[in-house]
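Biologist: Could we go through this model together? I would like to begin with how the chains meet.

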Amino acid sequence: MEREKMHRLLRDMMLSRVFEERAAEEYQKGNIVGFLHLYPGEEAVAAGVINAAGPSDYIVSTYREHAHALVRGVPPRAVMAELFGRATGMSGGMGGSMHMFDRERRFMGGYAIVGETYPIAIGIGYAVALRALPESVICFFGDGAVNQGTFHESLNMAALWRLPVLFVCENNHYAIGTDIHRHSAVPEVYKRAAAYNIAAEKVDGMDVLKVYDATRHALERIRRAGGPQFLEFETYRHRGHSMADPGAYRPPVEVKAYQVIDPLTIGAREIEFRYPTPAELAAVGPDNIARLTEHMISVGHLEAEEVAQIRKEVEAVVEDAVQFSLASPQPTMDDAWRHLNCNRRHEQLLQAQEVL
Amino acid sequence: MTQELLYWQALNRALDVEMAADESVFVLGEDVGLYGGSYRVTEGLYARYGEARVRDTPISENSFTGLGVGAAMVGMRPVVEIMTINFAMLALDSIVNGAAKIPFMSGGQFPMPLVIRVPGGVARQLAAQHAQRLESMFMNVPGLRVAVPSTPQDAYWQLRQAIASDEPVVLLEHEVLYFTKGPVDTMAEPPPMHQAAIRRAGKDLTLIGYSRTALQAQEAAAELARDRIDAEVIDLRSLNPIDWKTLSDSVNKTHRALVIEEDCRHAGAGAEIAASLAERCFFALDAPVERVAGLDMPTPYNGALEAASIPRVADIVAAARALLGPREKAAA
């Protein structure tokens, strides 16, 4: 992979990490309220998958979707402002953390009901197929969502009608607090796709290059053959399920294993920067950002000092997003009514008479 | 051009016209294609428009309704048929959390030109799981439109309007109305989708019905007329929004109102109408707004009990007389 693309992946991952850590801080300050599900640990999936997609592909995401939006190119200001509930947010402050939409970038929403992304995705896929367009739909969901009925209903229809949908399982091993071995009789999620004759692959979701390649190939197969594809990415979230969940149900050794000595943290200390040795990495398990920086350094695409520079740059972007959000106006009740009735602008018949 | 059509034929005609005019219209549901639809509403469309636009689905209500939601987000105009309203329970997530909320929670970025057609109501001894109404549930969902045609003409108009609308519309079709006949003028300009119709002008009291009960209200009015009681009959045609202007104009004239609903009385459509009319017309009312409604019980299988569990014309006549009682005595 060329240097530029790798840098793009690294920056996306670091932006996502820094954005989320800042979101947690703003949550503690009370600037963000409600449910807040953070992404640190899983950045390789968003960065790899979405960078492999084209601008005409659609993204359907879950309630843990801030990083998906950022990687898709939504301005961090608009993402942060939505978390702050401001009028300048992606969804005008009507959706919040779990309901981010960007029509222009074909970011088709974050959905807060587990298992709700599949029907939406196959519906978009159905429209694409009817119009015979060379577009695909990327449908994100977690491992906990594969036990919803819609998973089976929708995979069946996607396969039956050869819909251009890429099903992407972000398997972080937990349905909120329930370990996958305690929630799924078949914990190898990708195997379930075989029941619907959908080609499926399990990929190391901590390795962004593998994620990127697997996605690119899957999208190529969709464009070539027309039918759906299925990818399972094994990943891990450093934090609990949401801000309301300390994640205490996970064995500390497991959490530690995934929180490898993080080059981001070390980079912030600047002078003390030292990249972990392969032996250290192997001892504690992979952090996705550490993995990428190690690789990039080894192939000569990155200087160790650059990590701190990138971090500084994305920190400035996130700081700007926070300041923008703080300065942004609150939406008014008039805005809310306008959004509710947005569809009536085309509906002459209902406008013809006062409704109340 | 006016023709006599059965209710299902009027719906079929509306679908045909819209599908011919706009390639983004497609229908999907269980047995809508090859089989022609459980109530024949999609008959002939499969042959005319092909299986991609008349899609037989697996028995997966939540996902195929959600498929309609996703397709509508990108500009298609799906018409989802849920075989009966009883199965709509399985699709409530797609209807309530999806169709009704996406336009709003996206900050107005996504229109939702989705139609969900659902046969329902108490038919003939189909028992509790196949004989019910959910209109009060749908009425309680902001962002959702609920249309309740009672005549072939309205079925034709309102389905066409629903397809043309960029809002999600639930079209509730009563199962016993599918084989009722009536004139359908396909050229006339329709009234707005939510506008109530005054089926019979009168001055003594207002009978308010919708779907099947609008027809029963007209029968009751005919019977009351024999006793020189002059009832005004309003067919709501839409439960969300409700045409309050037509209702309050009528009540301000008659001073008495009786709502007839087949759905259970408790927290039903009638409760909303009675409360709103009390707020709007309190000083014009000579009596509380009354309701004739379905009993608060699951529909019994037994034929006699089933019939007694929903409003009958005789019940409406009796309730109307009771509502007018003191006045009648005064007149006598």
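Modeller: Two residues are in contact if their C-beta atoms, placed from the backbone, lie within 7 Å. The model is predicted: local features need pLDDT of at least 70, side-chain atom pairs count only at pLDDT 80 or more, and totals for chains, interfaces and linings use all residues. Residues are numbered from 1 along each chain as its sequence is written, while chains are lettered from A and ligands numbered from 1 in the order in which they are written.

Biologist: How many residues of chain A are in contact with chain B?

Modeller: On the chain A side there are 42, and they touch 44 residues of chain B.

Biologist: Which element supplies the largest share of that side of chain A?

Modeller: H5(A) does, with 10 residues. Helices here are DSSP runs of H or I with at least four residues, strands are E runs of at least two, and both are numbered from the N terminus.

Biologist: And what is the residue make-up of that side?

Modeller: It divides into 21 nonpolar, 14 polar and seven charged residues. Ala, Val, Leu, Ile, Met, Phe, Trp, Tyr, Cys and Pro count as nonpolar, Asp, Glu, Lys and Arg as charged, and the others, Gly among them, as polar.

Biologist: Changing topic, how much of chain A is buried?

Modeller: Buried residues make up 52% of its 356 residues; buried requires 20 or more other C-beta atoms within 10 Å of the residue's own, with C-beta atoms placed from the backbone.

Biologist: How many helices and strands does chain A have?

Modeller: Chain A has 15 helices and eight strands.

Notes. Buried ≥ 20, exposed ≤ 12 C-beta atoms within 10 Å, placed from the backbone.
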